[in-house]
Amino acid sequence: AVVSTQSTGDEVLECKVLDEDKVIECMAPIMEKGGNVVDYHGSDFFDEDWFDIIFCLRTDTAVLAARLEERQYSEIKIKNNLESEIFQILLEEARESYEPDIVHELQSDSIADQDSNLNRIQCWMKNWLTDNSG
């Protein structure tokens, strides 16, 4: 069954707004089994015991601005994203919502950074699977 987790739209930022309760309801049965990867732009509403590790991708604001302009984001959306990055909103949110020792900050400015991050995450996943099999 397909369940819509979008409750409304934010016309100013030109994006959908998730119904966090519906997201949790849909994800809970899957997450309880373990061994999942979640990619999202926030973390404070997820259950704390769902995650063994959290990777927070960071980027230089000049790089971020160029990426968002290339995607033709509105000026207000770019400003909002840049402020979030400058003030480390998502990183601090993760550190406040989860045990700080499971939150890892990864720089993601270049293709080389992204490749390194991918390798690090894949290595961590391989080790997790080995440690949690059987």
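Tutor: Helices here are DSSP runs of H or I with at least four residues, numbered from the N terminus. Please note that this is a predicted model.

Student: Where does Gln 72 lie?
Tutor: Gln 72 lies in the loop between α2 (61–70) and α3 (75–86). Its phi is near 60°, a positive value in a residue other than glycine.

Student: Is Gln 72 buried or exposed?
Tutor: Gln 72 counts as exposed, because its relative accessibility is 70% and the cut-off for exposed is over 50%.

Student: Turning to α3, what is the distance between its end C-alpha atoms?
Tutor: They are 16 Å apart, which agrees with the 16 Å that its 12 residues should span at 1.5 Å a residue.

Student: Which residues of α3 are buried?
Tutor: Lys 77, Ile 78, Leu 82, Ser 84 and Glu 85 are buried. Seen down the axis of α3, the buried residues fall within an arc of 160°, so they line one face of the helix.

Student: What covers them?
Tutor: The cover includes β2 (15–18), β3 (54–58), α2 and α4.

Student: And which exposed residues does the face turned away from the buried side carry?
Tutor: That face of α3 carries Glu 75 and Ile 86.

Student: What follows α3?
Tutor: α3 is followed by Gln 88, whose phi is positive, near 55°. Gln 88 is found in the loop between α3 and α4 (89–97), and at 29% relative accessibility it counts as partly exposed.

How values were computed
Residues numbered from 1 in each chain as written. Predicted model: local features only at pLDDT ≥ 70, side-chain atom pairs only at ≥ 80, totals over all residues. Heavy atoms only, no water. Helix = DSSP H or I, 4+ residues; strand = E, 2+ residues; numbered from the N terminus. Buried < 20%, exposed > 50% of the residue type's maximum accessible area, 1.4 Å probe, protein only. Expected span 1.5 Å × (residues − 1). Arc of directions from axis to C-beta. Contact = heavy atoms within 4.5 Å.
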